[in-house]
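Here is a short report on a protein model. Look at the structure first, then read on.

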Amino acid sequence: MPSKKSLEDIDTLVMDTKLTIIEILKTPLMMITMMMRGTTETVELDLDGQGGKIFLRVLLNLVMHNYPTLVSGALQLLFRHFSQRQEVLLAFKQVQLLVTTSDVENYKQIKSDLDDLRNMVEKSELWVYKVKHSDEPKKKKKTEDSEDGESKEGKGDGDSKKKVKQQPSVWNISGEQVSAIDLDHGPSINKHSAENYKKIKEILIRLSKLCVQETAEPGVRKPRRHEQRLLRNMSAHQVILELLQIPYEKNDDIRMHELMKLAHEFLQHFCLGNQQNQILLHQSLELFLTPGLLEAQTVQAIFQDNVQLCNEVTQQVVQHFVHCIETHGRHVPYLKFLQTLVKADEKYIKKCQEMVMAEVKSAYINFLNHCYIDTEVEMKEIYTSNHMWTLFENFLVDMATVSNATTDRRHADVAMENYVTITIMNVIHMFFSSPFADQTTTLQGHRPLIQSRQPIFVKLLQGSFRVSHSNWLSGVQKFNVETCIRTLADIAKTRGIAIPVDLDSQVNLLFEKSQNVMQKAKQWMSVRTSKKETVPMINRDYKHIIEGLQEIVNSLERQLCTLVQAELSVLVDVLHCPEQLFPTGSKCEISGFISRLIRHTKCLLEEKEEKLCIKVLQTLRKMMDVESDCRDKVIINTT
């Protein structure tokens with residue numbers, strides 16, 4: 001009689017042998033996949049003489065063993081057997097053509113940077129700053145001493161209280177250009193840690209620059225789709241997402257604050273004008289649903305001009321940002337995200353409008369009640385009130401500020417410039433373009449009121465004219481300013497508002513110059529389009545190659561789409577009724593197959609095999625849908 005130990009050894013040997021069988025069975029699958037990658041035609045390879053039934057019977061039997069490693073191996077092989085076309089399609093989508101020398105150099109640099117970054121993220125606990133527990137008593141004593149000092153000073157005149165330095169928080173980090181890493185600001189760290197901070201900063205800046213191209217207009221960037229695709233195929237975003245999840249001392253480590261800001265900037269550039277990358281980052285949306293302003297900016301970039309994602313936004317996401325506004329204040333990134341949802345790609349999305357309004361309605365109900373119910377006035381009443389003219393006086397101050405600003409562009413207030421040239425100019429243009437504006441600009445009737453408003457009107461025209469002479473204006477800004485000036489000048493002529501002679505002549509001269517420029521631009525464009533060859537041949541070939549590959553991938557996706565769905569459908573049927581694969585009367589030991597699958601998902605979670613666990617659960621859900629459909633058909637037939 002063999003001993004218990006010898007029986008266990010025999011069982012282990014048997015299981016290891018079966019694991020070896022699984023490794024052997026992987027070979028024909030790899031051969032099939034390789035053959036399919038070499039052709040778009042259907043590959044029929046019968047390895048067992050029965051259409052693959054014996055192969056599936058072996059796998060199903062292996063799944064029924066009480067040996068988790070063996071079960072996982074059999075399931076992986078089973079899922080791969082029914083996802084060969086999906087693998088082929090995914091492989092084609094990840095193909096990146098390196099056509100030019102710069103492509104090759106970019107690939108090498110990205111690979112090197114990602115390897116270094118991945119290594120530093122994995123070993124972050126060795127170099128990221130951490131508060132030493134031995135320092136805590138000293139810190140506590142210093143805090144008590146400072147509080148005593150403040151209380152003593154507070155007994156005086158009350159004006160000499162010592163100001164407590166605010167620690168930087170995760171969600172109010174400013175956009176200043178001062179680098180804590182370069183200047184070695186923050187808590188004391190060793191040389192190795194300082195080098196890692198600097199190295200990661202350099203990598204993040206390089207990766208961000210690859211994603212976008214700066215334009216002549218300040219703050220306006222264009223996406224570099226080819227490089228964005230290269231970064232996506234090399235899974236750069238995954239490494240950055242892992243970097244964002246590194247634990248660190250949020251109240252002390254200002255160097256890490258800078259790295260977090262750069263990491264978010266990369267993600268925002270990574271999905272700029274790229275819907276595929278936006279959808280990819282949307283899968284990790286939960287990571288960004290925090291009160292952080294950087295996170296809000298990244299979420300805005302994910303949804304920006306993506307109609308599909310905006311239509312799929314959940315109530316939970318909208319509620320999160322409305323709650324952030326209520327608890328953390330009306331910060332611009334929160335409001336910009338909500339604005340992004342309601343209008344995408346120049347299209348208003350009614351579903352998002354209703355969702356956002358339903359959430360913010362309670363917060364602003366008192367304001368709406370006062371505007372529309374208590375005062376019982378219509379919107380046109382604003383044109384006869386003094387409120388807008390008070391606002392115009394405030395506009396004049398801002399217009400003068402940007403007109404008198406320093407010519408040094410390194411210290412320019414770009415946000416203020418955009419506010420004046422876009423927001424203010426649009427408000428003035430829309431106000432005076434409205435048909436209700438006749439009530440506020442006519443010289444007949446309310447003469448005393450108009451006499452008090454007329455000087456402000458003239459100042460608006462003067463201020464706009466001064467802004468138009470700023471040498472930092474971009475094309476869009478210049479267009480907005482000149483449109484505003486034209487609107488004010490037309491109103492002055494049609495309503496008989498007196499304009500100083502020199503200002504009137506200068507405005508007319510401005511329009512003449514603008515007209516001449518437009519004519520010259522049209523002539524230049526016509527000459528440019530008449531040229532047969534304006535782009536170097538290498539660039540044209542480069543573009544044709546990239547577009548040709550994309551057309552092939554799109555065509556392949558259309559061909560394989562139904563086949564991928566068919567493979568999944570067959571897998572569901574096999575797992576739903578595995579006994580159908582076995583001959584009638586044969587010994588089939590697969591009773592309780594589904595319950596075995598369900599129990600094994602727990603083992604998969606414990607072993608951290610999340611991908612396989614998700615596949616199993618998704619397949620089980622599909623099986624439930626099949627059962628539901630079958631029940632519906634039975635009910636229909638019986639009735």
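This model is predicted. Start with the packing around helix H12. Its buried residues pack against helix H9 (225-233), helix H10 (236-244), helix H11 (254-270), helix H13 (293-303) and helix H14 (307-311).

Which residues of helix H12 are buried? Helix H12 spans residues 275-282, and its buried residues are Asn277, Gln278 and Leu281. They sit on the same side of H12, because they cover an arc of only 105 degrees around the axis. An α-helix has 3.6 residues a turn, so residues three or four places apart point the same way.

Ile21, Ile54 and Val58 make a nonpolar patch of about 190 Å². Ile21 belongs to helix H1, residues 4-37.

| Residue | Relative accessibility | Class |
|---|---|---|
| Ile21 | 35% relative accessibility | partly exposed |
| Met430 | 58% relative accessibility | exposed |

The cut-off explains the second label: exposed means over 50% relative accessible area, and Met430 has 58% relative accessibility, so Met430 counts as exposed.

Finally, follow the chain from Met430 to Thr487. These residues are 57 residues apart along the chain. Their C-alpha atoms are separated by 9.0 Å.

How values were computed:
Residues numbered from 1 in each chain as written. Predicted model: local features only at pLDDT ≥ 70, side-chain atom pairs only at ≥ 80, totals over all residues. Heavy atoms only, no water. Buried < 20%, exposed > 50% of the residue type's maximum accessible area, 1.4 Å probe, protein only. Helix = DSSP H or I, 4+ residues; strand = E, 2+ residues; numbered from the N terminus. Arc of directions from axis to C-beta. Contact = heavy atoms within 4.5 Å. Patch = residues over 30% accessible without salt bridge, like charges linked within 9 Å, V, L, I, M, F, W, Y side chains within 5 Å. Areas by Shrake-Rupley, 256 points an atom, 1.4 Å probe, with all protein chains shown as cover. Salt bridge = Lys/Arg side-chain N within 4 Å of Asp/Glu carboxyl O.
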